[in-house]
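Trainee: Could we go through this model together? I would like to discuss its side-chain contacts.

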Amino acid sequence: MGWTHWDKLANKDEIFNDGIEYDGHAVYELGVRRRYGKYVTPVYVGETNNLKRRMGEYATTGSHLWSYASKYWRMGYTVFYRFQYMDSKNEAVNLQNELLKEHGLERYPWNNNFNNED
């Protein structure tokens, strides 16, 4: 099915996660974009059992990525997300690990530990 389009998640002053309806397995990317920038730069890849809950955590508290997100918010960036639907947790973990192996920290600098989530 492929990636969805990029959607806003949060910036320093606003949270945009109220439109997230999908609550199933997913692989997702977080990305950042300057206020007037044209392109979203991916910075993190993860997997989850419940996309709606996970994005809510990132938008409100930053979760385990709070230090990264708050640094970018202070510099005027907006955090975006996109995802791929997955049929199972195992499928999501496998795709996440493939993407990390293929692209590593060059594409996903916020994945400093290459950890699995949830």
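Trainee: Is Glu-57 buried, exposed or partly exposed?
Mentor: Glu-57 is partly exposed, with a relative accessible area of 25%. Please keep in mind that this is a predicted model.

Trainee: Which residue forms a salt bridge with Glu-57 at 3.2 Å?
Mentor: That is Arg-53, and the 3.2 Å separates the closest N and O atoms. Both Arg-53 and Glu-57 belong to helix H1, where they are 4 residues apart, about one turn of the helix.

Trainee: And which residue forms a salt bridge with Glu-57 at 2.6 Å?
Mentor: Arg-54 does, again taking the closest N and O atoms. Arg-54 and Glu-57 are 3 residues apart in helix H1, so about one helical turn separates them.

Trainee: What about the two arginines: how accessible is Arg-53, and is Arg-54 buried or exposed?
Mentor: Arg-53 has 38% relative accessibility and therefore counts as partly exposed. Arg-54 has 6%, so it counts as buried; the cut-off for buried is under 20% relative accessible area.

Trainee: How many salt bridges are there in total?
Mentor: The count comes to 5.

Trainee: Which residue meets Glu-47 in a salt bridge?
Mentor: The partner is Lys-89, with 2.7 Å from N to O between the side chains. This pair links distant parts of the chain, since Glu-47 lies in strand S3 and Lys-89 in helix H3 (residues 89–107), 42 residues apart.

Trainee: Is Glu-47 buried or exposed?
Mentor: Glu-47 is buried, at a relative accessible area of 0%. Lys-89, by contrast, is partly exposed because its relative accessibility is 23%.

Trainee: Which residues are linked in a network of salt bridges?
Mentor: The network links Glu-29, Arg-82 and Arg-107.

Trainee: Changing topic, how many residues are in the largest nonpolar core?
Mentor: There are 22. Those with the most contacts inside this core are Leu-9, Tyr-28, Leu-30, Tyr-44, Met-55, Tyr-58 and Trp-110.

Trainee: Which strands and helices each supply at least two residues of this core?
Mentor: The strands are S1 (7–10), S2 (26–34), S3 (41–48) and S4 (77–85), and the helices are H1 (51–60) and H2 (66–74).

Trainee: What lies apart from that core?
Mentor: Another core of 8 residues does, including Val-27, Leu-95, Leu-99 and Tyr-108.

Trainee: What tends to happen to nonpolar side chains in soluble globular proteins?
Mentor: In such proteins, nonpolar side chains tend to be buried together.

Key: Residues numbered from 1 in each chain as written. Predicted model: local features only at pLDDT ≥ 70, side-chain atom pairs only at ≥ 80, totals over all residues. Heavy atoms only, no water. Core = buried A, V, L, I, M, F, W, Y, C linked by side-chain atoms within 4.5 Å. Buried < 20%, exposed > 50% of the residue type's maximum accessible area, 1.4 Å probe, protein only. Salt bridge = Lys/Arg side-chain N within 4 Å of Asp/Glu carboxyl O.
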